[in-house]
Amino acid sequence: MKRFICLLLVALLSVGQLTGCTSTEALDEKDTSDQTNALKSIYNGELEKNVTIRVLENDTAIEQGYFKQLIDAFNEKYKDYGIVAVDANMDQRSNLADDGPYGYGPDVLYQANDSIMKYVKGKHIYPIPAESLGSFSQIPANAWDAYKSEVDGKTYYMGVPVNVQTSMLFYRKDMLPKDWETKWDNNKNQMPDMVENWNSLYKYSKSIVESGTGKYGYMRSLYDVYFSSGFLFSYGGYIFGDHNTNPKEVGLSAGNAEVGANVLLKLASVMNEESIDDSITVNGYSKIADGTYFATMTTPDVYTLFIKELTLEYEKQGKSTEEAKALAEENLVVAGLPMLPASGDLTEENPELIPQKAMGGINGYAISAYTKAPNASLAFVEFATSYEMIMKRQGLLGSIPARSDAAKAVGGVSEIVFNNLNEGNIVVMPSITEMVQVWSPTETFFTDLAKDAFRRSDKKYTSLEALKSGLKLVDQQIYDAIHTLSN
């Protein structure tokens with residue numbers, strides 16, 4: 001506890017507070033003084049006693065038991081102060097702007113960066129004295145940037161990064177062809193071609209569908225903007241201008257984004273009509289488990305849900321729980337996304353390959369501006385972002401830590417994600433309120449795109465030009481929603 005109070009006071013009084021991010025220029029002395037005073041008015045370094053901290057956590061963290069471990073450990077550490085952390089008992093998508101002013105909101109909330117940052121404009125969350133946290137130097141600048149904001153002309157961090165969220169490929173190793181090492185490993189690197197590039201995954205998926213067994217290769221709900229937008233980004237599309245900070249410029253149709261849309265259309269042709277809506281999103285766990293699907297794309301934090309379903313499937317086959325879980329962990333593989341053909345042609349033999357970009361997010365903690373215990377809330381955030389708790393979170397949930405020391409210790413998929421983040425292949429969701437206007441028009445377009453794969457005589461997207469026009473319409477709809485319809 002002494003360490004927490006000392007670190008907090010040092011951070012609040014230090015020059016350059018909240019400007020440690022390497023991408024941020026140092027503020028002048030007056031601005032720094034103003035920042036320090038602003039933060040001291042919130043955090044005085046004295047822990048409030050006999051208070052209850054209501055924490056809004058991720059549903060998966062609650063269901064898998066991590067959240068209970070977290071609050072039990074925190075409560076034990078701070079029991080002498082009478083500080084108790086409890087489940088806010090609210091839907092993880094609850095709106096602080098609606099609940100907070102009436103005293104119903106949480107003191108601390110865990111959400112994606114775009115969800116947290118939408119509360120900045122209305123001053124619903126407090127800035128964080130970032131350098132007071134033990135995790136500060138372990139979290140890279142591009143993760144902190146997701147929570148960086150200008151408030152009254154000064155730079156602050158409004159949340160603390162916990163996990164990196166992005167798309168990963170999940171597949172069943174035991175559903176690979178028995179001869180994959182001789183027929184599906186052209187570069188002889190002991191990795192199946194169908195998990196390394198989309199051309200091979202498309203070819204393999206097509207062969208499974210044509211076998212008439214009722215099974216499929218790659219399956220994904222195309223309407224889901226989070227997963228489908230990366231195909232546009234890979235060929236030059238983007239959301240907003242100036243690195244996703246300028247909503248006056250919408251660019252989903254930019255570059256050769258229509259080529260990425262055409263790749264999605266081609267992939268839909270080897271799926272079923274469940275790809276049109278959210279059916280695959282909902283049934284993906286069970287369909288991967290029972291062998292109906294070979295692969296899907298989703299985020300690493302749901303790994304344990306796949307393992308749970310696959311374990312149950314093996315138990316149905318007569319395996320003991322221990323044997324079933326071991327088999328599930330052996331056969332469910334999480335990998336980076338396959339490479340895309342530079343041409344966008346999934347039928348091209350030996351194509352030039354490019355990395356696939358993917359939408360991502362930085363999930364983290366923020367402190368409500370309506371809390372009556374900001375110092376205790378900050379203590380909880382520091383505890384929850386400690387190396388020990390981040391490693392426990394990763395072990396139970398399969399999440400990708402935002403802390404570099406934890407990511408290095410975990411290795412494997414975590415290193416892949418970190419490399420992609422640093423190389424710009426993960427496009428972090430814009431942390432501006434205008435992002436809320438992106439989802440609906442883009443979702444409508446992707447839904448229509450998936451439908452087109454199953455239309456017969458009335459197909460809409462028969463050329464790259466038609467796809468380009470469709471994307472330009474989406475850009476205009478987003479622009480209008482932000483600048484015209486909302487005014």
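What percentage of the 487 residues in the protein chain do buried residues make up? In this predicted model, buried residues account for 56% of the 487 residues.

**Overall form**

The secondary structure of the protein chain comprises 21 helices and 17 strands. The C-alpha trace spans about 70 × 60 × 40 Å along its principal axes. The radius of gyration of the protein chain is 24 Å, which agrees with a compact globule, because a globule of 487 residues would have a value near 23 Å. Among contacts with a separation of 6 or more, 74% join residues 24 or more positions apart. The accessible surface of the protein chain amounts to about 21,100 Å², and carbon and sulfur atoms contribute 48% of that area.

**Strand pairing**

An open sheet of 4 strands is arranged in the order β9-β11-β8-β12, and its pairing is mixed. The edges are formed by β9 and β12 (332–335); each has a single partner strand, so one side of each lacks a neighbour in the sheet. From one strand to the next, the twist averages 15°. Within this sheet, β8 and β11 pair in the antiparallel sense, and Met168 has Thr298 in β11 as its bridge partner. Helix α15 (residues 321–331) lies across β8 and β12, and its direction makes an angle of about 35° with β12.

Strand β1 takes part in two parallel pairings, one with β2 and one with β3. In the pairing with β2, Ile53 has Ala85 as its bridge partner, whereas Val55 stands opposite Val108 in β3. In general, side chains in a regular strand alternate between the two faces of the sheet. The strand pairs described above are set out below.

| Strand | Partner strand | Sense | Bridges |
|---|---|---|---|
| β8 (residues 168–172) | β11 (residues 293–298) | antiparallel | 4 bridges |
| β1 (residues 52–56) | β2 (residues 84–87) | parallel | 4 bridges |
| β1 | β3 (residues 108–111) | parallel | 2 bridges |

**Ser221**

Ser221 is located in the loop between β9 (216–219) and α10 (225–233). Is Ser221 buried or exposed? Its relative accessible area is 0%, and Ser221 therefore counts as buried, the cut-off being under 20%. The side chain of Ser221 has a polar atom 3.0 Å from the backbone oxygen of Asp277, and this side chain also reaches the backbone nitrogen of Thr281 at 3.0 Å. Beyond residues up to four places away in sequence, Ser221 touches Ser228, Glu274, Ser275, Asp277, Asp278, Ser279, Ile280 and Thr281.

**Ala402**

Why does Ala402 count as buried? Ala402 does so because its relative accessibility is 0%. Which residues is Ala402 in contact with, leaving aside neighbours within four places in sequence? They are Gln138, Ile139, Pro140, Pro161, Val162, Asn163, Val164 and Phe418. The C-alpha atom of Ala402 is separated by 29 Å from that of Ser41, a residue 361 positions away along the chain.

Methods
Residues are numbered from 1 along each chain as its sequence is written. This is a predicted model: local features need pLDDT of at least 70, side-chain atom pairs count only at pLDDT 80 or more; totals for chains, interfaces and linings use all residues. Side-chain values use heavy atoms; hydrogens and water are left out. Buried means under 20% relative accessible area, exposed over 50%, partly exposed in between (1.4 Å probe, protein chains only). A polar contact is a pair of N or O atoms within 3.5 Å; within protein, one must be able to donate a hydrogen and the other to accept it, and residues adjacent in sequence count only if both atoms are side-chain atoms. Contact means heavy atoms within 4.5 Å. Two strands pair if DSSP finds at least two bridges between them. Axes are lines fitted to C-alpha atoms, for helices over the stretch in contact, and angles run from 0 to 180 degrees between N-to-C directions. The radius of gyration is taken over C-alpha atoms; the globule rule is 2.2 Å times the number of residues to the power 0.38. Accessible areas come from the Shrake-Rupley method with a 1.4 Å probe; for residues, only the protein chains shown count as cover.
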